[in-house]
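Here is a short briefing to read with the model open beside you.

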Amino acid sequence: MAMTSFTALELASALPRLLALAVEWAENQSKSIRETGIALDASGTQLARSVGVQHPERIRLKYVGAIPLPDNDELRQAAVQAGLLGTGTIGLTLGYGVYLVERRISEPLIRHECRHVHQYEEAGSLQAFLARYIPEVLEFGYFDAPLEKDAREHEEE
């Protein structure tokens, strides 16, 4: 499998096509998580509400050994290169579906991911959320992206 490396300009110009692939992948993953994941318990529901989630009953958690990567080579490489996914990824929110790496679960991580659920609810769809989130990460970097900064601010009570 050949790995593609993107320049920042190439990533920016490929964004509309990659965003469409990302939305399709994310919607499929979200559907799978919602079908096989587990609902929040009472304390998880309270935690989700405390970070702004309107419908915590819709959230499903799926505990995994590692966050799955897209099958599409170009999308996978772009996501890893942009810092969206990779070996260090310990949580990933896709709408109401949330992947959590089993060995790394903590209350701050769950609060962080639930804040992304809140952001998704505000955006109105996974497509709308990703259309904001991905360009932010490309422009500011993962750590400084506004939606990531907001989620980190909600990690502690």
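Helices (H or I, at least four residues) and strands (E, at least two) are taken as DSSP runs and numbered from the N terminus. The model is a predicted one, in which local features need pLDDT of at least 70 and side-chain atom pairs count only at pLDDT 80 or more, while totals for chains, interfaces and linings use all residues. Residues are numbered from 1 along each chain as its sequence is written, and side-chain values use heavy atoms, with hydrogens and water left out.

**Salt bridges**

- Searching the whole structure gives five salt bridges, a salt bridge being a side-chain nitrogen of Lys or Arg within 4 Å of a carboxyl oxygen of Asp or Glu.
- Buried is used here for under 20% relative accessible area, exposed for over 50%, and partly exposed for anything in between (1.4 Å probe, protein chains only).

**A pair in helix α3**

- Arg76 and Asp73 form a salt bridge, with 2.3 Å from N to O.
- Both residues belong to helix α3 (residues 73-81), where they sit three residues apart, about one turn of the helix.
- Arg76 is buried at 13% relative accessibility, whereas Asp73 is partly exposed at 37%.

**A pair joining α4 and α6**

- Asp150 and Arg115 make another salt bridge, and their closest N and O atoms are 2.7 Å apart.
- Because Asp150 is in helix α6 (residues 146-153) and Arg115 is in helix α4 (residues 107-123), this pair ties together parts that are 35 residues apart in sequence.
- Asp150 is buried, at 17% relative accessible area, and Arg115 is buried too, at 13%.

**A pair in helix α5**

- Glu136 meets Arg132 in a salt bridge, at 2.8 Å from N to O.
- These two are four residues apart in helix α5 (residues 126-140), so about one helical turn separates them.
- Glu136 is buried at 10% relative accessibility, while Arg132 is partly exposed at 46%.

**The nonpolar core**

- A nonpolar core is a set of buried Ala, Val, Leu, Ile, Met, Phe, Trp, Tyr and Cys residues joined through side-chain atoms within 4.5 Å.
- The largest such core has 41 residues, and Ile59, Cys114, Leu130 and Ile134 are the ones that touch the most other members.
- Elements giving two or more residues to this core include α1 (8-36), α2 (42-50), β2 (60-64), α4 and α5.
- Helix α1 gives the most, with seven residues.
- Cys114 is in contact (heavy atoms within 4.5 Å) with Leu47, Ala48, Val51, Val53 and Ile59, leaving aside residues up to four places away in sequence.
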